[in-house]
Amino acid sequence: MNPIIDGILNIEGSYVDNPADRGGPTNWGITESTARAHGYRGAMKDLTRDEAYNILEKDYWLAPGFDKIAGLSLSIAFELCDAGTNVGPAHPSRWLQRWLNTFNRTAKKYPDLTVDGVIGERTLEALKIYLNWRGKEGESVLLQALNCSQGEYYLSITEKREVNEEFIYGWMRERVKIV
């Protein structure tokens, strides 16, 4: 079992169906549309933790390449996967690429990345160079930077959709953590 997926399932909790949530009925962080895309046909409240685990692992861990990030930093991989579970994996992938670009000393440490939301070899190499250069402190700063982007994302979508005020406090409390 992957402790990162288990941790996210613990954060997500079980079944909710809040009419203000665009995701609709959700269980273990899996929306009904995502569950259906994976062939689940039952009631969302009956989606098991194991079924949710398999979907989270496939769509929010392996597909975006966060598993490859884990080989360099478990804490950054967790942050990306957790944010990706909540807002879609392309957003945190782009946040990572943007921050790596701004931390590279005008491309002196490693080349700028294309901000495309794809965790490929260039992104992994840039992260490896960054972490080797900056060490544990740099890892902590990058986590703070990713949380800044996540918090700004929540603020932006809440300003555009007032009903999100129902959720933003919880998003900030549970998902945007300063390390």
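The model is predicted. The protein has 8 helices and 2 strands, and 45% of its 179 residues count as buried. Its largest nonpolar core holds 45 residues, and the structure contains 7 aromatic pairs.

**Overall shape and fold**

- Along the sequence, the secondary structure elements follow the pattern α-β-β-α-α-α-α-α-α-α.
- The radius of gyration is 17 Å, which agrees with the value near 16 Å that a compact globule of 179 residues would have.
- Along the principal axes, the C-alpha atoms fill a box of roughly 55 × 35 × 25 Å.
- Of the contacts between residues at least 6 apart in sequence, 53% join residues that are at least 24 apart.

**The largest nonpolar core**

- Within this core of 45 residues, the residues with the most contacts are Trp61, Ile69, Ile76, Cys81, Leu96, Leu100 and Leu142.
- At least two core residues come from each of these helices: H1 (3-12), H3 (49-62), H4 (66-70), H5 (74-87), H6 (90-102), H7 and H8 (165-175).
- Helix H7 gives the largest share of the core, with 9 residues.
- Leucine 142 is in contact with Ile76, Leu96, Trp99, Leu100, Phe103, Leu127 and Tyr130, leaving aside residues up to four places away in sequence.

**Aromatic rings**

- What kind of pair do the rings of tyrosine 130 and tryptophan 133 form? The pair is edge-to-face, because the planes of the two rings stand at 85° and planes over 60 degrees apart are counted that way.
- The centres of these two rings are 6.3 Å apart.
- Tyrosine 130 and tryptophan 133 both belong to helix H7 (residues 121-160), and they are about one helical turn apart because 3 residues separate them in that helix.
- Is tyrosine 130 buried or exposed? Tyrosine 130 counts as buried, because its relative accessibility is 2%.
- Tryptophan 133 has a relative accessibility of 26% and therefore counts as partly exposed.
- Elsewhere, ring pairs join Trp95, Tyr153, Tyr154, Phe167 and Trp171 into a cluster.

**The start of the chain**

- Asparagine 2 lies in the segment before H1.
- Asparagine 2 has a relative accessible area of 11%, so it is buried.
- The contacts of asparagine 2 are with Tyr53, Glu57 and Trp61, not counting residues up to four places away in sequence.
- Proline 3 is placed in helix H1, and it is exposed because its relative accessible area is 65%.
- Proline 3 and methionine 44 are 41 residues apart along the chain, and 24 Å separates their C-alpha atoms.

**Aspartate 67**

- Where is aspartate 67 placed? Aspartate 67 is in helix H4.
- Its relative accessibility is 28%, so aspartate 67 counts as partly exposed.
- Trp61 and Leu62 are in contact with aspartate 67, not counting residues up to four places away in sequence.
- Aspartate 67 and phenylalanine 78 are 11 residues apart in sequence, with 9.3 Å between their C-alpha atoms.

**Loop residues with positive phi**

- Tryptophan 28 has a phi near 60°, which is a positive value in a residue other than glycine.
- The loop that holds tryptophan 28 runs between strand E1 (26-27) and strand E2 (30-31).
- With a relative accessible area of 18%, tryptophan 28 is buried.
- Alanine 107 is not a glycine, yet it has a positive phi of about 65°.
- Alanine 107 is located in the loop between H6 and H7.
- The relative accessibility of alanine 107 is 37%, so alanine 107 counts as partly exposed.

Definitions and conventions: Residues are numbered from 1 along each chain as its sequence is written. This is a predicted model: local features need pLDDT of at least 70, side-chain atom pairs count only at pLDDT 80 or more; totals for chains, interfaces and linings use all residues. Side-chain values use heavy atoms; hydrogens and water are left out. Rings of Phe, Tyr and Trp (its six-membered ring) pair if their centres lie within 6.5 Å; planes under 30 degrees apart count as stacked, over 60 as edge-to-face and the rest as tilted. Helices (H or I, at least four residues) and strands (E, at least two) are DSSP runs, numbered from the N terminus. Buried means under 20% relative accessible area, exposed over 50%, partly exposed in between (1.4 Å probe, protein chains only). A nonpolar core is a set of buried Ala, Val, Leu, Ile, Met, Phe, Trp, Tyr and Cys residues joined through side-chain atoms within 4.5 Å. Contact means heavy atoms within 4.5 Å. The radius of gyration is taken over C-alpha atoms; the globule rule is 2.2 Å times the number of residues to the power 0.38.
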